[in-house]
Amino acid sequence: MPSNRFSRINEEIQRELSALIRILKDPRLQGGLLTITHVEATSDLRYAKIHVSALDKSREKEMLKGLKSAAGYLRREVGASLGLRYTPELQFVADDSIEKGTKILKMLRDPEVVKPANPANAHIILDEEE
């Protein structure tokens, strides 16, 4: 199944890049937590969009610049470890999904935003509860 193959390739690229980013010596990447949240490779494996999230949002742009400058090295190392016919060109983009998820969780825990269940309906038994 081709989609399963692409998802495995995406996971392997993510795993390799996560390991490689830790050993980069670029000062723009030092001292901040950087996470690869998702990898999207094209079907012909020519390009891969790497979604990156930084803990310190004020340094995110300079971290992306550091990753873009190291893209050639990272591509070569990923290609050597994965052994693919074509090593995708890496394109790094900022991802704010972790921040959005944190905001949603905070809203769900706020009793002013999400009202508690109606106690008048406590006598109703749902099928899943039996």
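This report describes the fold, core, pocket and selected residues of a predicted model.

## Basis of the model

Residues are numbered from 1 along each chain as its sequence is written, and side-chain values use heavy atoms, with hydrogens and water left out. As the model is predicted, local features need pLDDT of at least 70 and side-chain atom pairs count only at pLDDT 80 or more, while totals for chains, interfaces and linings use all residues.

## Overall fold

The protein chain contains 4 helices and 3 strands; helices (H or I, at least four residues) and strands (E, at least two) are DSSP runs, numbered from the N terminus. Along the sequence, these elements follow the pattern α-β-β-α-α-β-α.

Of the 130 residues in the protein chain, 28% are buried. Buried means under 20% relative accessible area, exposed over 50%, and partly exposed in between (1.4 Å probe, protein chains only). Among contacts (heavy atoms within 4.5 Å) with a separation of 6 or more, 64% are between residues 24 or more positions apart.

## Nonpolar core

A nonpolar core is a set of buried Ala, Val, Leu, Ile, Met, Phe, Trp, Tyr and Cys residues joined through side-chain atoms within 4.5 Å. The largest such core has 25 residues, of which L17, L34, I50, L67, L74 and F92 touch the most other members. Two or more residues come from each of α1 (2-23), β1 (34-41), β2, α2, α3 (71-82) and β3 (89-94). The most, 5 residues, are given by α1.

Apart from neighbours within four places in sequence, L34 is in contact with I21, L29, V52, S53, A54, M63 and L67. L34 also belongs to the lining of the largest pocket.

## Largest pocket

The largest pocket holds about 170 Å³ of space. Its lining consists of S18, I21, R22, L24, L29, Q30, G32, L33, L34, T35 and I36. The elements that give two or more residues to this lining are α1 and β1.

On a 1 Å grid over the protein atoms alone, a pocket is an open set of points with protein on both sides within 12 Å along at least five of seven lines, and lining residues have an atom within 4 Å of a point. Grid points are joined across faces, edges and corners, and the volume is the space filled by probe spheres set on the points.

## Loop residues

R59 occupies the loop between β2 (47-54) and α2 (60-69). R59 counts as buried because its relative accessible area is 17%. Beyond its neighbours within four places in sequence, R59 is in contact with P27, R28, Q30, G31 and G32.

L45 is placed in the loop between β1 and β2, and its phi is near 60°, a positive value in a residue other than glycine. L45 is buried, at 7% relative accessibility. L84, in the loop between α3 and β3, is partly exposed, with a relative accessible area of 22%. Setting aside neighbours within four places in sequence, L84 is in contact with I9, L45 and G79. L84 and I9 are 75 residues apart along the chain, and 9.3 Å separates their C-alpha atoms.

## Aromatic rings and charges

The structure holds 0 aromatic pairs, a pair being rings of Phe, Tyr and Trp (its six-membered ring) whose centres lie within 6.5 Å. The charged end of R46, however, sits over the ring of Y86, 3.6 Å from its centre. R5 lies over the face of F6, at 6.0 Å from the ring centre. A charge sits over a ring if NZ of Lys or CZ of Arg is within 6 Å of the ring centre and within 35 degrees of the ring normal.

Technical notes:
Rings of Phe, Tyr and Trp (its six-membered ring) pair if their centres lie within 6.5 Å; planes under 30 degrees apart count as stacked, over 60 as edge-to-face and the rest as tilted. On a 1 Å grid over the protein atoms alone, a cavity is a set of points where a 1.4 Å probe fits but cannot get out, and a pocket is an open set with protein on both sides within 12 Å along at least five of seven lines; lining residues have an atom within 4 Å of a point.
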